[in-house]
Amino acid sequence: MRTILTLGASLVLALAVEAGPAVRLRVPAAVPGPVRFGLKDLRTALVDRGCRLIAVGEAGNAFEIVVRQSGSVSGSPVPAEPESFSIVPGSPGDRRLEVSGRDPTGLMYGLLELAERVRRGTALEQVPKIVQAPFLAFRAPNPFLSLPYPFKGKWEDWWFRSEDFWRTYLDMLARARFNWVDLHGMYDVRTTRFPNIYPYFLTSKSFPKAGIAPAERAANLAMLKQVVTMAADRGIKVALMSYHASWNVRGAPRAPYPETEENLARYTRECVAELLRQVPNLGMVGFRIGESGRKEDFYEKSYLPGIADSGKDLPLYTRTWGASRDKILDLGRLYPERFLIEIKYNGEHFGLPYIVSGGRMARWSHYSYQAYCQPPEPYRIVWQIRANGTHRLFRWGRPAWVSRAVRACVLDGAVGFSLESVNSYYPQYDYYHKQPDLKWFKWVVERDWFWYLLWGRLAYDPNLPEDTWRAALAEHFGSADAGGPMLELSRNMSRIVPLIYSVHCMGPDHRNMAPEFETGGPIDRFAFVKPLDTFAMQSIPEYVARLLRKDPSARTDPLQMAAALDQAVTKIGTGLKRPPPRVTRGRRELMDWRADAQCLAALGAYYAAKVRAATWLQLYRATRDPESWRRARECAEQAVDAWQALSQAGDRFYRPFVDTLRMHTEKFRWSAYLPEVKKDLEILERVKRRVAALKLPVIPGVKPVSLAPLTVRVDCTPISATRALKTFRVRVTPAVGAVSFPAGTRAFLRFKHLPSEQTWRKRRMQPRDGGFVGTVRVTPAGAQWAVEVVAPQAGTCWPDWRRERPYRVIEPWDGPVPNLTPVSRLPELGGAFDVSRRRFGAILCGRIARALSEAPSAQKRELLAQVAAGQALVIFNQDYPGSFDASWLPGGIRGTDRDFDSCKTLGPHPLLDGVPATLQLKKIVNDALEGGDGEWRKLTVPCGLAVRRYGKGRIILVQLRLLETADDPTSERLLRNILRYALQGSDKPLLVLDSGNGALPSALDSLGIDYRVRQDGLP
């Protein structure tokens, strides 16, 4: 057996205890820091359980624990992965345990595991065989180096310089199985800017006056050295990423040097080299490109030579936000096998425990993984979970969601995650509490110990049972009675904020939404804010539109989301009504926990009521039914009551909160927004008057309904595969025990290519043998797919997002990867690619149709020739002027740079059937059209819709932003009119010649329209 550490002489801690079993520890003569840390925990646990620790040579029948770093133990191999361990009992009757680790960190984890079991009452003779390897190789919290804040404004008081903070923090991280600390910075809480790290820590030889005072730089650097050393002693590496390249920082004199590209590159190069010489054990160094003020080649000219100058060989990392993939690939090739990229998991929020792809994310670009999972990949991926966008105040801890999120982090072989915590952007002091009896911690990280425990332990082993967390809570509060109730309370509290962000997602950025503080906006606009994952969830307007046309979707509807919030609120209330569990320690913490729960219950009740109010209001707009308005008013009043309760509790428990990123205040209070919430009641009255003024007929009897769940079985079988293409057959059958689906059941295969910017497609599956069958062809870029089945009064989306990731992944493989960016050129028309009316009912081009705009004149003439021969051409929502040139179209029509928010319709015309005289929806319009000969008929003022005959065909220009609002009844009606008018009775599918930004296929899918997409590289 190969032994990395020779046992040689052994060391033990000899402590005399009057009674209790004797335990002998056999450990190596010289042990590294992580092993010392693990041994300390184990010895403390043994002594606290009444064991007597005796020396190796001391007589007595002692239980023996052998500690070794080794590749295998007694025939049971330790897994080959770094940081693995095993705990192996001796043979029956042999009072012995062997704890072995693949490396010092793995051995530390084995010792911590044994210590935990001892503390929780497991006798040494009953410890089972345990063999573990890390699920994720990279497990890092992501704190920001937030600068001294006014109430702690002196450098000597800076939390970063506190050894006590770092000891507290790093001890907690090690016990939670984190193995990295991913430090980003700097961050200025007051200005919300991210200044360069180096002026605060280092002195450049060529530019010595750049930065804060030299003594402060030296003190900060000394602390960084100490942090790296302390972390290493706990099996943790430190990574350091700077977010900017300028050397001028607030609070320091401007550097007396020209701030040129060349000088900044030289300054950065020198600082990188000096950093690595001064802190030789730093685990990784990196930079942000997007918003840093410099392009990718700047970092190639500064960081790479700086690392080379230092003589060190360590990994380099960056973020993909705002960067070019081609340039990232270039950097990866220059730094092979040692280059990591951090990709935003779901924008700058957590929200859902899986990576959202397609839907709204398709248009959020750098907020997701784009095509970074597509070969070639001269880098390793780390997912940056920006949870601090979603969670800024209240504690959070839901084991099942953490486990699911962790499992999602292996997409395309990614190595792990970097996780923002609840306080990543803030100072580490207690800036929360107002009431003295709730103040119980010195450092904020102490408050969030359960958050860190869940994320770290589940990243190491996502299969840990629920009992793990009950036992942890019981141990923490010193009471067996506390474990179950506190875990249940934590689970229900932790449903509120992610559900809010999921059902009402105001944007992917940290600055777009703060779910704990938001009112969600005025009630008349609330409905038009879509869910985070429109692939899995319906927006309020779409849900109402489907109710009206009796075309239900099995995707989760807004009232189901409101019901989920209600359920969590009820369960929190039930937990709070029970007497608090009796605890032997942490009484103040327990009360603090319950204060969070009280506020979260009120917040959840507010959003549940407001979602219902907005749904009823949208139904009232569509039907004019007074009962819908009455229900909207009733729910809005409930929302006011809930916000009132939140204001009272929040203002009582917490002092004014600092949120400069979103709420733009250092004194946030919920009560300040109560008048805004109460205005919803006035808005409802105004909406009622407006609808009455339209004098349209009432559509009575339309009631919100949700489909009952339907259980199905889904099988996917590859039926052909080449290097360039794979074909999969997907079969859906009824659940076990059912012979066939009910009459009228429909099934749809939903699929997309893997890059996050690709949109979902929806294809009708064919009935066969009591089930449904569909096929999908996949390129080497990989794909995602799912199934939707809708029966009368029942339906399902498989997989169900509430239980697992709502799609299956077909990973990329080695083969020719097509160009999956939005189409860059139009195909040659005619010949093999027939776009005439014989094959397609009409030709559509989506928003930002760059390929259409930039096509050669000959192709545009051929397209117009097809129109003249009887085809219809519809062009949606282009950007004018400059981005789209309309001069090739007949009749001299053009676009302006004049935006408008509402327009009057000029009927009658088939395109305007059933459309109100005034169109006014959020972002429904873009730049106006003007000019044009007498053949152009303009149908709105300002002109957002125009039609012209051309030969035997017709051209329709649509500047109303209908595609993004297709789930609104008015937009849907107008969009259907346009498509019906273009088809002129044809039963041929539509051709999406240029899908533009991807909104067009999504809108057609939502309407159930048959279409084909022509895009470069797609089969």
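Biologist: Hi! Where is the place of Pro376?

Modeller: Pro376 sits in the loop between β15 (339-344) and β16. Strands here are DSSP runs of E with at least two residues, helices are runs of H or I with at least four residues, and both are numbered from the N terminus. This is a predicted model, so to speak of a local feature we need pLDDT of at least 70, side-chain atom pairs count only at pLDDT 80 or more, and totals for chains, interfaces and linings use all residues. Residues are numbered from 1 along each chain as its sequence is written, and side-chain values use heavy atoms, with hydrogens and water left out.

Biologist: Thanks. What joins Pro375 and Pro376?

Modeller: A cis peptide bond, with omega about 0°. The bond from Gly907 to Pro908 is also cis, omega being near 0°, and Pro908 lies in the loop between β33 (903-905) and β34 (918-919).

Biologist: You mentioned β16. What does strand β16 pair with?

Modeller: Strand β16 (residues 380-385) pairs with strand β17 (residues 416-419) in the parallel sense, over four bridges. Two strands count as paired if DSSP finds at least two bridges between them. Across these strands, Trp383 has Phe417 in β17 as its bridge partner.

Biologist: And how many strands form the open sheet?

Modeller: Nine, in the order β9-β17-β16-β15-β14-β13-β12-β11-β10, with parallel pairing. At the edges are β9 (138-141) and β10 (144-146); each has a single partner strand, so one side of each is left without a neighbour in the sheet. Neighbouring strands are turned by 25° against each other on average, direction ignored; the axes are lines fitted to C-alpha atoms, for helices over the stretch in contact, and angles run from 0 to 180 degrees between N-to-C directions.

Biologist: New topic: which residues have the most contacts inside the largest nonpolar core?

Modeller: Ile65, Trp166 and Trp455, in a core of 260 residues. Helix α17 (residues 587-623) gives the largest share, 21 residues. A nonpolar core is a set of buried Ala, Val, Leu, Ile, Met, Phe, Trp, Tyr and Cys residues joined through side-chain atoms within 4.5 Å. Buried means under 20% relative accessible area, exposed over 50%, and partly exposed in between (1.4 Å probe, protein chains only).

Biologist: What is Trp455 in contact with?

Modeller: Leaving aside neighbours within four places in sequence, its contacts (heavy atoms within 4.5 Å) include Phe178, Phe350, Trp396 and Phe417.

Biologist: OK, charges now. How many salt bridges does a search of the whole structure find?

Modeller: It finds 67, counting a side-chain nitrogen of Lys or Arg within 4 Å of a carboxyl oxygen of Asp or Glu. For example, Arg139 and Glu83 meet at 2.7 Å, N to O. Arg139 is in strand β9 and Glu83 in the loop between β5 (76-77) and β6 (85-89), 56 residues apart.

Biologist: Are Arg139 and Glu83 buried or exposed?

Modeller: Both are buried.

Biologist: What does Arg395 form a salt bridge with?

Modeller: Asp596, with the closest N and O atoms 3.1 Å apart. Arg395 is in the loop between β16 and α9 (399-408) and Asp596 is in helix α17, so the pair ties together parts 201 residues apart in sequence. Arg395 counts as buried at 6% relative accessibility, and Asp596 does at 0%.

Biologist: Last one: is Glu337 buried or exposed?

Modeller: Glu337 is exposed, with a relative accessible area of 77%. Though not a glycine, Glu337 has a positive phi of about 70°.
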